[in-house]
Amino acid sequence: TMTATIARQFAQFVCSGVRIPDAALRAADRAMFDTLGAMIAGGAHPSVKAVADAQPRHFGQSTVVTGGLVDSDAAAVINGTAAHVWDIDDTSYTGIMHGSAVILPAVLALAQEREVSGETLRSAFILGSEVTYALADICTHDHYFQGWWSTVTLGLVGATAAAGLILELSEDQMTAAIGTAAAASGGGKVVFGTDAKPVLVGLTARQAISIARMAGAGISGPERAFEDSRGFLKLLNGDKAEKHVLSTLGQHWRLVTPGLLFKSNPVCSAAQAAIDQMQMLMSELDAAPDDIAEIRAEVPELVYISLVYPDPRTPQEAQFSLPFALACGARHGRVRFEDLTANALGDPSLRSLMAKV
């Protein structure tokens, strides 16, 4: 018997009605509420308001954080952008990514439109997350280190599976949807420090809904989208694939282990530990920012390749700047929302402290 393709194995997992353990249900509740909070905060961000103004939309049943009811496609774009715009949404180290920010806006918009139960919404979120993070395990961290932004490259596949569950796709339709999502995946980390980063999250959430709808309408997709010599693993992962991971679907729940990092600062996850450490040092030494002569930070490669702006000039760049994060940690013990403004970034005392890193 031929081994089922990766796309079909994912489809079988999502469509099987697998029992979700209580630990995964609890983990999903926390992730969904955390992401919803990030979305609501994002609704006040000027970039999200600009996206809402620019987005073609029609009246529908889906709520947007900028206010009102719109169609699910528009809601996914606006709410997806809002979920990630402050960069305070959760992080999975399974794939070094923000899966919840893509998956929840997609399933929430579609669930409201379809008027499905909260239980169905939660199941879709969980199974979409597990597909996303299992694919991350298949690809390993090499995918991220090659320059791909795993939030959208892997998140599109999982969000499509989640949308397909809400649309009640058959196994064949789900396989087509997942294969199409794999073929459509792309997105580089070059977007870091620009508005395009959160916008790509919103666009990916919308694309997931569209792909699932097309599959439900009978549009076929490439079943060997991962394995083919012209497919995802060859083109986006150097042909590396830890396929044994597939046997753990439904057994190892990645929302539980390794779980998610929930941020307390609206900056890249690579800066969170440094901020905490700076706050502890300042407290232990009973020091003031003016007492600091120099800050020396020794960081792993992941931090170095993620925090790429040593001298940030915009709030978006500051979210990916170790000197900014450490300076804020020294001054306030954390990075505050009000620190991410042009005026705050231009403060001479802040610039002076950043220069000491």
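Modeller: A salt bridge is a side-chain nitrogen of Lys or Arg within 4 Å of a carboxyl oxygen of Asp or Glu. This is a predicted model, in which local features need pLDDT of at least 70, side-chain atom pairs count only at pLDDT 80 or more, and totals for chains, interfaces and linings use all residues. Residues are numbered from 1 along each chain as its sequence is written, and side-chain values use heavy atoms, with hydrogens and water left out.

Biologist: How far apart are the closest N and O atoms of Arg8 and Asp172?
Modeller: Arg8 belongs to helix 1 and Asp172 to helix 10, 164 residues apart; helices are DSSP runs of H or I with at least four residues, numbered from the N terminus. Their closest N and O atoms form a salt bridge at a distance of 3.0 Å.

Biologist: Which residues are joined with Arg8 into one network of salt bridges?
Modeller: The structure holds 16 salt bridges. Those that share partners join Arg8 into one network with Glu171, Asp172 and Glu223.

Biologist: Is Arg254 buried or exposed?
Modeller: Buried means under 20% relative accessible area, exposed over 50%, and partly exposed in between, with a 1.4 Å probe and protein chains only. Arg254 has a relative accessibility of 2%, so this residue counts as buried.

Biologist: Which residue forms a salt bridge with Arg254?
Modeller: Arg254 is in the loop between helix 12 and helix 13, and its partner is in helix 6 (residues 118–139), 117 residues apart. The closest N and O atoms of the pair are 2.6 Å apart, and the partner is Asp137.

Biologist: What is the distance from the backbone oxygen of His252 to a polar atom of the side chain of Arg254?
Modeller: A polar contact is a pair of N or O atoms within 3.5 Å; within protein, one must be able to donate a hydrogen and the other to accept it, and residues adjacent in sequence count only if both atoms are side-chain atoms. Between the backbone oxygen of His252 and the side chain of Arg254, the distance is 3.2 Å.

Biologist: What geometry does the ring pair of Phe10 and Phe226 have?
Modeller: Rings of Phe, Tyr and Trp (its six-membered ring) pair if their centres lie within 6.5 Å; planes under 30 degrees apart count as stacked, over 60 as edge-to-face and the rest as tilted. The structure holds seven such aromatic pairs. For Phe10 and Phe226, the centres are 6.1 Å apart and the planes stand at 75 degrees, so the pair is edge-to-face.

Biologist: How many residues apart in sequence are Phe13 and Trp253?
Modeller: Their ring centres are 6.0 Å apart with planes at 50 degrees, so this pair is tilted. Phe13 is buried at a relative accessible area of 6%, and Trp253 is buried at 8%. Phe13 lies in helix 1 and Trp253 in the loop between helix 12 and helix 13 (272–285), so the pair ties together parts whose separation in residues is 240.

Biologist: How far from the centre of the ring of Tyr144 is the charged end of Lys189?
Modeller: A charge sits over a ring if NZ of Lys or CZ of Arg is within 6 Å of the ring centre and within 35 degrees of the ring normal. The charged end of Lys189 sits over the ring of Tyr144, and its distance from the centre is 3.7 Å.

Methods:
Helix = DSSP H or I, 4+ residues; strand = E, 2+ residues; numbered from the N terminus.
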